[in-house]
Amino acid sequence: MLFIYKILMPKNLKSKARESFNEFYKNMPKISSIIILFCLTIIFWLMVYSQAYITALAFNLKINFLYFLFIFPIAIIISLIPISISGFGTRESALIVLFAGFDKIRIVSFSIAWAFISLVYYSIIFMIIIIRKQKEASKKLINKTGVANH
């Protein structure tokens, strides 16, 4: 970065670049915050993959957990390719290829069931969050106006 700044940066832009650079690093979060968020992210994804693994076991797919932990994220990343709705089809195709030694019907069934379970699970969580936010907003409105809206 120093090379670009000293040699390649035009003199009339150096002060603006220095200001932008310093402003960027001034607003950086503390390293402890980044580490905590990183750990929470790892825990979240382990929970997601554990949920998927338990769903795979329910479909009698006897897969080693570590193998599943390394292969399933690849299928998830492939499902993010924007060529289908919610990754349906691409995820199943990826899982069939990645879990080549397993029954294709069970793999597709597992994938669709996991997508449905995830959809329902996250819908319930977000519904609870929305209801709580609406109750908080209603309480604020009642406190502000003194009138309850029914």
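Mentor: Start with the largest nonpolar core, which has 18 residues; Phe 68, Phe 72, Leu 95, Phe 99, Phe 110 and Trp 114 touch the most other members. A nonpolar core here is a set of buried Ala, Val, Leu, Ile, Met, Phe, Trp, Tyr and Cys residues joined through side-chain atoms within 4.5 Å. Buried means under 20% relative accessible area, exposed over 50%, and partly exposed in between, with a 1.4 Å probe and protein chains only. Keep in mind that this is a predicted model: local features need pLDDT of at least 70, side-chain atom pairs count only at pLDDT 80 or more, and totals for chains, interfaces and linings use all residues. Residues are numbered from 1 along each chain as its sequence is written, and side-chain values use heavy atoms, leaving out hydrogens and water.

Two or more core residues come from each of H3, H4 (65-79), H5 (90-98) and H6. These helices are DSSP runs (H or I, at least four residues), numbered from the N terminus.

Now zoom in on H5. Thr 90, Arg 91, Glu 92, Ala 94 and Leu 95 are buried there, and the cover over the buried residues of H5 includes H4 and H6. Leu 95 itself, leaving aside neighbours within four places in sequence, is in contact with Phe 72, Ala 75, Ile 107, Phe 110 and Ser 111; contact means heavy atoms within 4.5 Å.

Phe 110 also turns up where H3 meets H6, along with Ala 113, Trp 114, Ile 117, Ser 118 and Tyr 122 on the H6 side. Facing them from H3 are Phe 44, Val 48, Gln 51, Ala 52, Thr 55 and Ala 56. That contact splits into nine nonpolar residues, three polar and no charged. For that count, Ala, Val, Leu, Ile, Met, Phe, Trp, Tyr, Cys and Pro are nonpolar, Asp, Glu, Lys and Arg charged, and the others, Gly among them, polar.

As for geometry, H3 (31-58) and H6 (104-145) pack at about 135°, with axes 9 Å apart. Axes are lines fitted to C-alpha atoms over the stretch in contact, and angles run from 0 to 180 degrees between N-to-C directions. H3 and H6 are therefore oblique to each other: under 35 degrees is roughly parallel, over 145 roughly antiparallel, 65 to 115 roughly perpendicular, and the rest oblique.

Last stop, Phe 65 in H4. Phe 65 is partly exposed, at 28% relative accessible area. Beyond four places in sequence, Phe 65 is in contact with Tyr 49, Ser 50 and Tyr 53.
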